[in-house]
Amino acid sequence: MIPHRWTKKLTFLIIPEANRQVRRLQFSAVWLYVLPPVALLLGASAAVLVQTQSAALQANGDMKAEWSAERAAHERTLEAKNTEIAKLQDEVVRLSQEAETFAAKMAALQSLEREILSLTEADDGTPAAEAKRANGGVAGRFVPAGSAVGGQYDPVDTEEALRLSKTTHGDIEAMSVEAERLEGALQEALQEAEKLASLRRGTPSIFPTTSTTVTSSFGYRKDPFTRRSAYHKGIDFGGDVGDPIFATADGQVARTGYDRAMGNYIYVKHGNGFETVYMHLSKSLVAKGQRVKKGDRIGKLGSTGRSTGPHLHYEVHKNGEPINPKRYFSSKEG
C-alpha cells in the first residue's frame with residue numbers, strides 16, 4: 001500500500017504578465033523525495049566524469065610533453081651526428097686535396113731524382129743499370145695494388161675516423177714541410193749535378209777512335225823520321241783507314257783543313273779551357289763552327305801528312321798547353 005504522503009499532489013501556479021492566462025502545474029509529492037537523490041547522483045556522476053576527463057587530459061598532456069622532449073633530444077643528437085659527419089667529410093676532402101698536393105710534390109721530387117741520377121751516374125751495362133732504366137732511372141718502384149683485395153669488414157666509427165683524420169693531417173703537414181725542404185735541397189743538388197754533367201760533357205774522356213792500340217805515347221820519344229829525341233804532344237792510335245773518329249767531348253769545331261805535317265786535321269774547342277786535335281785523317285766530316293756532341297763521328301782515320309802508316313794522332317790541350325790525354329780516359333765511357 002502506497003503511503004498517503006506520496007499520493008499527495010503539489011500544484012505550482014505560473015502567473016505571467018497581465019492579461020495573460022495563469023498556468024497551473026501539478027506534480028505528485030513523490031517527486032520531492034525522488035528528485036534530490038537523482039540530482040545528487042547526477043551531480044556526483046558529472047563530477048566523476050569531469051575528474052576522469054581532467055586526469056585523461058593531464059596524462060595525454062604529460063605524454064605529449066615527454067614525446068616532445070624525446071623528439072627534441074633525438075633531433076639534437078641527429079644534429080650533432082650530422083655536424084660530426086659534415087666535419088669528417090670536410091676533413092676527408094681536405095686530406096684528399098693535401099694528398100694530391102703532396103703526390104704532386106713527390107712526383108716533382110722523383111723527377112728531380114731521375115734527372116740527378118741521369119746526370120751523375122754512368123750506365124755501366126750491369127743488370128742493376130738495366131733495372132734502373134726499366135724503372136725510369138730509380139733503383140726500385142712501388143707497384144700499385146690491383147683489384148684483387150679482401151679481408152674482414154671492420155667499420156671505423158665517426159670518432160675514430162675523426163681522430164685518424166687529424167693524425168693523418170698532421171703527418172701530411174710534417175711530410176709536406178720535409179718535402180719542401182727536400183725539394184729545395186734537390187734543386188740545389190740538380191744545379192750542381194747539371195754543372196758536373198756540363199763539365200763532364202765538355203771534358204775529353206772517351207777514346208777518339210774504335211782502336212785502343214797505342215802506337216806512340218805522350219811525351220819524349222825518338223822521332224820516326226829523324227830518329228832524334230823529340231817531344232810528342234799527343235797519343236797515336238793505330239788502326240785501319242776509314243775507321244771512325246769521334247769527338248771526345250761536347251764542343252764546337254774551331255778549324256779544319258790540311259797541313260803538310262798534320263795532314264787532314266780537326267780542332268775542336270770545348271768548355272773549361274779544353275781543346276782537342278785530330279790529325280792524319282783520311283777525311284773530315286765536319287766544318288768550322290759546327291757544334292758537336294761527345295761521341296759524334298767527325299772524321300775517318302787515315303795516313304795523310306807526316307805519317308808512317310794509318311793512325312790517329314790525338315792531342316788534348318788545357319788552356320793552350322798540351323797535356324797527356326791518357327789521364328782523362330774513362331773506362332765507363334770509353
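## The main nonpolar core

The largest nonpolar core has 19 residues, and the members that touch the most others are I245, I266, Y278, V292, I298, L312 and Y314. Such a core is a set of buried Ala, Val, Leu, Ile, Met, Phe, Trp, Tyr and Cys residues joined through side-chain atoms within 4.5 Å. Strands β6 (235-238), β9 (263-269), β10, β12 (297-301) and β13 each give two or more residues to this core. Helices (H or I, at least four residues) and strands (E, at least two) are DSSP runs, numbered from the N terminus. Another core, of eight residues, lies apart from the largest one and includes L109, L112, A179 and L190.

Take a look at I245: beyond four places away in sequence, this residue touches P208, T209, Y278, L281, D296, R297, I298, G299, K300, L301 and L312. Contact here means heavy atoms within 4.5 Å. As background, nonpolar side chains tend to be buried together in soluble globular proteins.

## What kind of model this is

This is a predicted model, where local features need pLDDT of at least 70 and side-chain atom pairs count only at pLDDT 80 or more, while totals for chains, interfaces and linings use all residues. Residues are numbered from 1 along each chain as its sequence is written, and side-chain values use heavy atoms, with hydrogens and water left out.

The protein has four helices and 14 strands. Of its 334 residues, 26% count as buried, meaning under 20% relative accessible area, with exposed over 50% and partly exposed in between (1.4 Å probe, protein chains only). Among contacts between residues at least 6 apart in sequence, 63% join residues at least 24 apart.

## Aromatic pairs

You will find nine aromatic pairs in the structure. Rings of Phe, Tyr and Trp (its six-membered ring) pair if their centres lie within 6.5 Å; planes under 30 degrees apart count as stacked, over 60 as edge-to-face and the rest as tilted. F274 and Y328 make an edge-to-face pair, because their ring centres are 5.2 Å apart and their planes stand at 85°. This pair links distant parts of the chain, 54 residues apart: F274 is in strand β10 (residues 274-284) and Y328 in the segment after β14 (321-323). F274 is buried at 4% relative accessible area, whereas Y328 is partly exposed at 21%.

Y314 and F329 have ring centres 6.4 Å apart and planes at 20°, so they are stacked. Y314 sits in strand β13 (residues 311-318) and F329 in the segment after β14, 15 residues apart. Both are buried, and together with F207, F237 and Y278 they form one aromatic cluster.

## Charges over rings

R255 lies over the face of Y267, at 3.7 Å from the ring centre, and K318 lies over the face of F274, at 4.2 Å. A charge sits over a ring if NZ of Lys or CZ of Arg is within 6 Å of the ring centre and within 35 degrees of the ring normal.

## A buried glycine

G263 belongs to strand β9 and is buried, with a relative accessible area of 0%. Leaving aside neighbours within four places in sequence, G263 is in contact with G257, Y258, H280, T304 and G305. Its C-alpha atom is 9.7 Å from that of Y278, 15 residues apart along the chain.
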